[in-house]
Amino acid sequence: MNSNLFAAVPTTLRANAPPASFHVLAKPTGATCNLDCKYCFFLSKEMLYPGSRFRMADDLLEQYIKQVIEGQRVPEIVVAWQGGEPTMMGLDFFERSIAYEKKYLPPGKTILNTIQTNGTLLDDEWCEFFRAHNFLVGLSLDGPRAMHDAYRVDKGGAPTFDKVMRAAHLLQTHNVDFNILCTIHAANADHPLEVYRFFRDELKTNYIQFIPIVERVTPELLEVANEGWGDSHHTRALYTLDGSLVTDRSVKPEQWGDFLSAIFDEWVRRDVGTVFVQMFDAALASWVGVPPSLCIFGETCGNALALEHNGDLYSCDHFVEPRFKLGNIRQDLMIELVASDQQRAFGNAKRDTLPKYCRECVVRFACHGECPRNRFISSPDGEPGLNYLCAGYKKFFTHIDHPMKVMTDLLKQNRYADEVMEILNQEEKDRLTRAGRNDPCPCGSGKKFKHCHGRTV
Ligand code: SF4
Ligand code: SF4
């Protein structure tokens, strides 16, 4: 990792004023999972707890629910489960969790339960439970069959697409709210519209998150890492945020920018208000001037932590490494760990170590250098700490500037952002009407107008 980035993080814990709210991703099975997705570096985190059964004990579950409720001063508390694969705990674990929520939730407050799952263990009983308790389910699906099955395989290396699609249909049948979490990698990054239209038109889902796969490695680990991180590989290695190489599966910076831009262009012309893409919502928040819902685009971070199955609390889900462990909630109050100097310094380091290249960047207000986990390259002037995906973000945020400004103006006038679709379509028609036969086509194809849209106008 960039050696500057966390140099300021102290090793002692001193309490600051605690934040009103924070977000914890709890991992009741640790890194244990029933699948063996090749890009899932989190599988390797099992190595942090040799000999563990990787099951959150009942007394710890109660402690956690109590602390997560009592530590926050907001009307809605989020209880978020993740893995590994959290459904491997069995339904009774989550039933107990709901019972503890009822025990500790004070009047006037509500709880939103969320769970991120690969879906392969879901059945009617699970879905009835999710519906009964208003869970928001995140389902991991990487697009159409071939793109999903490229890396999302089970322990025997078998594809999982059919099982995940079955889970999606079960969730729909039971009216469970779910969103798709789609990771972008070498197998799907060149097919943005195919991926997007598959979710929108075939799966008929309206909530989509895209996450770039960036698996950072050292030269020594590159070969092993290219095989995958799961236990079906003989030579396992612990994934840590070191090195400045990436695996073959990782998305390339410009590819990521092009992927997002292509989907945005389709979305902003026909799907605003009906399809919700988390990345686009977060960008709109930045243009409007309110804090984005995604920590990666915040100026600082540090309010999104990870809880391991044994009560160890880490600075972030992406920093589950010994050097980023804050303590254990059996011994220390979670809120004190969240407010500790160590954690505040972790969050502020995001802003305080931003290279000059970012500080002077025209889209900094929307990007803020993205997530520190990806900041392992140097800027053109040689300063370390630039984001590996920088070229992609710069391209994407520049590309969406005009439609974002149109939506921002609409919202400021108390109008609906979806009016942007009509405005952009009209602008395009006007440009086509004005274009001369030998002008470059306004659609951006690079062809002359007369050989492109001019043929039909
Ligand atoms: S390190 Fe990255 S993922 Fe973690 S809280 Fe900060 S921005 Fe978010
Ligand atoms: S686009 Fe690049 S230079 Fe601009 S803030 Fe993001 S990472 Fe920094």
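Two strands pair if DSSP finds at least two bridges between them. I took strands (E, at least two residues) and helices (H or I, at least four) as DSSP runs, numbered from the N terminus.

**Entry 1: basis.** I worked on a predicted model, in which local features need pLDDT of at least 70 and side-chain atom pairs count only at pLDDT 80 or more, while totals for chains, interfaces and linings use all residues. Residues are numbered from 1 along each chain as its sequence is written, chains are lettered from A and ligands numbered from 1 in the order in which they are written, and side-chain values use heavy atoms, with hydrogens and water left out.

**Entry 2: strands.** I looked up the partners of β6 (residues 207–212). Strand β5 (residues 177–184) pairs with β6 in the parallel sense over five bridges, and I184 stands opposite P212. Between β5 and β6 the chain passes through helix α6 (residues 192–202), a β-α-β crossover that is right-handed (clockwise from the first strand over the helix to the second, with the strands pointing away from the viewer). Strand β9 (residues 276–277) also pairs with β6, parallel and over two bridges; there F276 is the bridge partner of Y207.

**Entry 3: salt bridges.** I counted a salt bridge where a side-chain nitrogen of Lys or Arg lies within 4 Å of a carboxyl oxygen of Asp or Glu. The count comes to 25. R200 and D271 form one, with their closest N and O atoms 2.8 Å apart. R200 lies in helix α6 and D271 in the loop between α8 (253–270) and β9, 71 residues apart. Both residues are buried (under 20% relative accessible area; exposed is over 50%, partly exposed in between; 1.4 Å probe, protein chains only). R200 and D271 also belong to a salt-bridge network with R197, D201, E266 and R270.

I then examined E215 and R249, whose side chains meet at 2.7 Å, N to O. E215 is in the loop between β6 and β7 (216–217) and R249 in the loop between β8 (245–246) and α8, so the bridge ties together parts 34 residues apart in sequence. E215 and R249 are buried.

**Entry 4: T408.** I located T408 in helix α15 (residues 401–412). T408 is buried, at a relative accessible area of 5%. Leaving out residues up to four places away in sequence, T408 touches L284, W287 and V288 (contact: heavy atoms within 4.5 Å).
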